Amino acid sequence: MNEDKNKGVSRRSFIKGMGIAGGSLAAAKWADATPLRYFKPTAIENPLAAYPDRDWEKTYRNIFEHDSEFVFLCAPNDTHNCLLKAKVKNGVLQRIGPSYGYGKAVDLYGNQSSHRWDPRICQKGLALVRRFYGDRRVKAPMIRRGFKEWADAGYPRDAGTGKPDAKYFQRGKDKWLRLPWDQAYEYAAKTMTNIATAYSGKQGEEYLKAQNYDPAMIHSMEGAGVQTLKFRGGMAFLGATRIFGLYRFANMLALLDSKIRGVGPDKATGGRGWDSYSWHTDLPPGHPMVTGQQTNDFDLFTVEHSKLLIVWGMNWITTKMPDSHWMTEARLKGTKTVAVTVEYSATASKANDVLIIRPGTDPAFALGLCQVIMAGNLYDKDFVENKTDFPFLVRLDTLQPLRPDEFIAGYKDPELTSVKFMQKGEKPLPGMEQAAQFVPESMRGDFKPFVVFDKKTKNYVPVTRDDYGDHAKALKASVELKHRARVKLIDGSEVEVRTVYSLTKEYLDANMTPALVSQITGCPATGIIKLAKEIAKNKEKTIFACGMGPNQFFNADLKDRAIFMVAALTRNVGFPGGNVGSYAGNYRTALIGGEPVYAAEDPFNLQLEAGGKPTVKKYSHYESLHYFNYGDRPLKVGDKMFTGDGHMPAPTKAMWLNNSNSVIGNIKWHYDVVNNTLPKLEFIAYSDWWWTGSCEYSDLVFACDSWAEFKHPDMCGSCSNPFLQVFPRTPMERIFDTRADVEIIAGVANAMAKVTGDKRMSDMWKFVLENNTSEYLQRIVSASATLKGNTIGDMEDKAKQGIPTLMNNRTYPRISSYEQAKSEKPWHTKSGRLEFYRPEVEFIEGGENMVIYREPVDSTPHEPNVIVGKKHAAMRFKSPKDYGFDEKDVSSETRQARNVMMSAEEMLKSEHPLKLKNYTHIYHTPKYRHGAHSTPVDTDINAIWFGPFGDVYRHDKRMPSVVEGYVDINPLDAKAIGVEDGDYVWIDADPEDRPFRGHKPGTEEYKVARLMLRARYYPGTPRGVTRTWHNMYGSTFGSVKGAETRPDGLAKSPETNYQSMYRYGSHQSATRAWLRPTQMTETLVHKTMFGQGIEKGFAADIHCPTGAPRESFVKITKAEPGGLGGQGVWRPAALGFRPTYENQAMKEYLKGHYMKKKG
Amino acid sequence: MAKVKNWHLQREMEYPYAESRPKRQWSIIFDLNKCIACQTCSLACKTTWTSGKGQEYMFWNNVETKPYGSYPLAWDVRVLEKLGAQAWKAKEPYYGKTIFEAAGANEVVAHFAPKDEDWMYPNNGEDDCLGNVTTGQEINLPHDKWFFYLPRTCAHCTYPACLASCPRKAIYKREEDGIVLIDQSRCKGYGECVRACPYKKSMYNTHTRTSEKCIGCYPAVEKGYQPMCVQNCIGKIRVMGFVNPPWNIRQDNPIDYLIHNKELALPYYPQLGLEPNIYYIPPIHADRDYLLQMFGPKVDKAIENYKNLKNDPVAQGLMVLIGSTDRIMHGFKVKDGIAMGFDEKGDEIVRVPVTEPIFERAAFDEKLKVSRNNTP
Amino acid sequence: MNPLTTYASISFATLCFSLAGAADYQVHKIAADLSKPPQVDADYWKGVPEAEVALMAQMIAKPKPDKAETEKVKVQIVHDGKYIAYRLRWADREASEAGRLAEFSDAVALEFPVLDNAVPPPIFMGGPKNPVHIFHWRAQYQHDELVGKKTVKEIYPNLQSDIYPNEFPDRGRLKPATQAETETFSPAVASGNPQASRKHAVDEMMAEGFGTSVVTAGGNSSGRGAWKDGEWTVVVARAINCPGGSVLVEGEGSSFGLAVWQGGADEVGSRKSITMAWKPFKIEHD
């Protein structure tokens, strides 16, 4: 046979060549589109050198080649936002890749980022290709059957309570129906109108009383039923128009209120908006308490300029993946990296030094550093004297700052230039022009001068807010930092005064010495001392990159105040190489400062001209979602209401959220919300493109376009990088019957216009309905200091090429407190300085006027939430008795307001109340590399990497999905409770309130809610500390039904396809909502969200509760063996390849014995 | 058996076929001090090459946590066990046995054959450290509790075990770039390559009933672009190029520079005898005995060299060039704090600053009438 | 120079020698239609003389089995004038059909000379320019023919895969994908490797020495096997005349070789038990 003739010939021609006998057995019996290739026998001499026929190699080239490509923006719940390139083949998005355009971003002045920013992408973005076409897409508007029946019946209500019949509200267990879009809009509009009407006025008040809402909540509604409608654009910063659209909608509802109550614009109120940053427990609540601003931070690449990097409670390597190289590159160029962590984490493996502490003891650890620095006089004199309140004198009788007019006869507080007092009706400059700070005249009293003692002249010197930073040097006072004395007041009385420094130092020396802090935190004293000295050596060069870890404990604000104290003592606030940053979630809408022209445009006075100037008027109120999470209740303990009036939530009767799996789906205390709070709601709507746990419990789900299908542009920014990112419109056809998020909001508003006959409601969305959303975007751009000078068109065109735009902040990188460190501006505080003493009444009553340490509120083997300290003249907090409850009452509810002081020694001897009942472990739930919040953890090729139990073939049918949730536990602890590596275990937290209040064993609700998961031997976590990653999808009624009835055992809802990653319960079975008194004050002074204004009390995402999702103390019991099909020990352990199970070969291998270094 | 030159071992060794080096050799260098185990590389590969039927479990590129992680289960423990304890004196050739030399009379290589269940749990051992953290700790370099991440692709070995063991000779090495391929039109799925490859980078496809492996992204490489796992590496730990043997070094070739000039990058498990063409910059924090077992006796020197990078502006320049372009860098240059990469023709394809600069903008832009606040 | 082929040529001489002493097996004609896929227990096998063929572990080409998993095969042969059928029985602890990773199928192969029935080529799969014609039955291939090629979901019933390229749970508004577009993502299928497609119970191959075998279009044979009580019984029927391949002639003789694979013992490819010498037979007219 001739070689080339028979090389790769098709079946047919070969058959001719060979001839064929026995036709009855003809080869082509079944159709096969692929022509089989036959060769003649091939002898190959040396395949290392040559190979005869390589024609087949084209098959891989065919896979690789694509027909076209386009760019879309991936912006889940993280801080990165990546422009990704989609490769299209045969009209299908086949795969995704990076844009390599980040090195081409320029600002208005021609400054350019470098290609060191490239590539920006991650595994979750790559996995999206399987989501766009996946079976959990929301493919069309969906309505829950029972809800539809209630609506169709005309919203019948109980005459007495106004409550609908529960039969209509079997959420999570009901059937779902597809709807045409116009009907979906109409149902939403009619329902919200009905609810707002039902709960307005006297009738509404009666209903809500009958439903047992706290009178303070009802009172806060101002009689407006629209305030029972709650809206939340999830991580709103991620969508200037589409996500903020829900807040614009809430503002628009003033029109509905004005119709329902027949009031004018002066009295009309909008719906209520829920918070975002503080809801996620991302806000570091102590930052405003020290700096007056929401959060102090810096673009992460600033780390290049530091000499000492302290990554504190932040798993940078897993949660800031695209920015990890800045850290590892700084390290290779000589920056020393230190990890302060609660386990040997991914980030620890990139650190030079690792300090492992007990979870939640971070404030003590920081105070220990301060003690060493103060005791050794290692602090920076200049910074401490001029940029902090340490030298200020405090009166011990009142615990208030000493004021000049209290002891200097005839002293008049001088007029201030560092802050402008605005008379009533006086308008501030437009936000983007604001350079100077301003406050309402009514707050003048909050800005009185302070007093320091001059040790040279022996004089008491008044210090005003104008004497901030270097300006204080004009006083020529040689400040006595440790001053304590008695001062004669004008009224003749004498009072003892002491500096903040002296009061603080006394507390630290008595309670926070390295020896004591070592016992509290578990970290050796040597580590504390060494680190303190290194920080002091690296002035302006120590970066504190703090993370979500310590932020998720009840004492989070104390942690912030204490870490700032370390940084302030060592001159490490506001410098490129020396600063404090907190990294959790994405926030700081103020970077797009023009947002209010869209989110708060006056609905009574709409700008309908393209290019016209909109008027801003806020009719909507904001409130913290933590009250909803708490059971739609404020914090009332004993006879005391701890929730300030300005914080007071309204009863929640309806909610509409987008981009928000953090509410319901992965909410803290999930099963309590599902079983105790959701039944109080009459309407739950979600807009999403993926069927999440939140959708499972909704009444109406709007089907959104995926990022790859955007037909309306949008834009977003980030708190950790300098880019403004535009979501470009894409050429990809919508795969399903979906709409743009903003289009959906406009659609509902349009329907409401028809229902109410008020055309303004559809005018409100004129440019969306005209498919010109860019008009709104341009209005925002033109009103934003960082963006003005750009056009949305140009920015979108660049985005289409994978190139972002640089924001025009003061600096690249953006560095918080930069102006303050240069003494150009004061901090947004009462004193204009960094403040470490809080004289407000709530802080004094809570024992936190000084920065002190409290034990975690639940995640501790010791008595929870106790104030650690010995008797101190400045610690005069209110006791349980003062609040009217029993000193001994440590239940979760009272514990939050329980002020009991113990010395460190006493506290360490004390025990968690549940310890007697075999509750043994701290259980915390941090975030990890395999999900951005919960996106897209359930996608198979992404999920399979999530921990040690991934198996796409699911050899063990018990697996809820291709992977499953697990608890990491120290092997020695596991053995002690008879749990093998890989076993299934039950995890139970405080039975009083978890998994939910009023749970009953034996009920379906309890079965779904009780957490069962795998145990994984994890040598990296200390004994007594267990952990489950936060990101996985939890069990629902549907997923449990799937796991128990599907032949393949998948925990996937037969009704909705919702895919759980637990067979039963979820990590949120063990968490609960917590409300903290010092986060609900009426008095804390801080910067406003936008611009340079200063205000006090409640401000969403600045000063309000943040919860404590990492607080739980649990019991762990074995449920099932981990071996395949429940037989024996989990295979990798049984074979001897797991920690503590090592076989002989594994032992040799771990020691490196398979290669000896001879001689 | 033929006698072939293996420069990793600094000696000749036995191999079924005569030595034949390609015109140039595909190669990747990984900086393990930068790998974050995000698995973006694994998914870049997966979504490009192995999302088809029968490939569900397949990850041609994977990242595993060492020492407890592995894919398939304990692949290296079991191969080393077959090979037995060996010794290697620093600065000397390796006189121990390779898997070719340790093979039994009936086998081409000493190997272990993974079972179906061994391919489960691709990320088992993720973040599991060696040593028990029982309580609070102070840990300094080198860490007494440790793990590190090991990203792995096919090493497109100079002496591939898969190629040597294929009874049909359906596996070959491309003369133009040294990429090793399994001929998908001739493979009969005997799985001999799956058994023989000590790195376990040949995988069986139950749908096509053939064995498959990493193809070095030749369709990209042929066009001058780096493989998908490299283009997508956000840890910026990888650079793909062409490695030359020590007798043929090119000074400005990034790969040669890091392997030969700077002695930063080492082959993994060189004692197996395959002359693998993926190289690793070893992690500075992990246990030295373990690292020696994996990277050979040059590991101590490599770690010292890494620690000295802080005083080496040129090497720093190359280190920050890594990952800054999706093109294949054939040459590089560092001058005045700027690093540049060049293509085959010597044209510049990328330039980056060794330290990203700080820009300060005016506090107030009079033209635009906007105030610039870092606390807006 | 590759060791595998050298061995093959060395052994050539010894093989011709070993053939000389052998006694022919008389293949008688029966009244049956062997063109149809045969049954292993058809009546016509009753009373057909049974020869016992000894097998040894393949020891020429690496990798080799450590021992002869299959030491002997009982052989019966008949023909109907158009087809010649072999009934082969051997002991095997368990039936193995392959499917999952690292699982291999039980199999048996018959080989015949192509160029010269009187002077056959090296028995080890022929030699350069001197091919053998192979009829390779596999339990796995029989499943292909009778039931269909196992899908991955059949192999791993609990498998959960969100999508495959161009294969989605719901295509929504997408136009249907062509088979070619979908097969692009399985290179072995796209490159037309017969291994990747549904097979007949018997694979027909040509080979000119170890490592050279190639599948042909076939169409000349059929086969059926059944495993019972630790024994395989497999019948392979082939056309007496396979133009371009093994051409047998009624009234004349030729010889065959055998190879058996026990999948349960991880036997596949060169890991097999084989006849070390050709087994002569003669096709009688009656």
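**Exercise 1.** Describe how helix 7 (residues 254–261) of chain B and helix 10 (residues 313–321) of chain B cross.

*Solution.* Start with the axes, lines fitted to C-alpha atoms over the stretch in contact, with angles from 0 to 180 degrees between N-to-C directions. The two axes come within 11 Å and cross at roughly 130°. Helix 7 of chain B and helix 10 of chain B are therefore oblique to each other. Under 35 degrees counts as roughly parallel, over 145 as roughly antiparallel, 65 to 115 as roughly perpendicular, and the rest as oblique. Next, list the residues in contact (heavy atoms within 4.5 Å). Helix 7 of chain B supplies B:Pro254, B:Tyr257 and B:Leu258. Helix 10 of chain B supplies B:Val314, B:Ala315, B:Leu318 and B:Met319.

This is a predicted model: local features need pLDDT of at least 70, side-chain atom pairs count only at pLDDT 80 or more, and totals for chains, interfaces and linings use all residues. Residues are numbered from 1 along each chain as its sequence is written, chains are lettered from A and ligands numbered from 1 in the order written, and side-chain values use heavy atoms, without hydrogens and water.

**Exercise 2.** Is A:Glu709 buried or exposed, and which side chain does its own side chain join in a polar contact?

*Solution.* Locate A:Glu709 in the loop between strand 25 (700–703) and strand 26 (714–716) of chain A. Its relative accessible area is 0%, so A:Glu709 is buried. Buried means under 20%, exposed over 50%, partly exposed in between (1.4 Å probe, protein chains only). The partner is A:Arg137, at 2.7 Å.

Definitions and conventions. Helices (H or I, at least four residues) and strands (E, at least two) are DSSP runs, numbered from the N terminus. A polar contact is a pair of N or O atoms within 3.5 Å; within protein, one must be able to donate a hydrogen and the other to accept it, and residues adjacent in sequence count only if both atoms are side-chain atoms.
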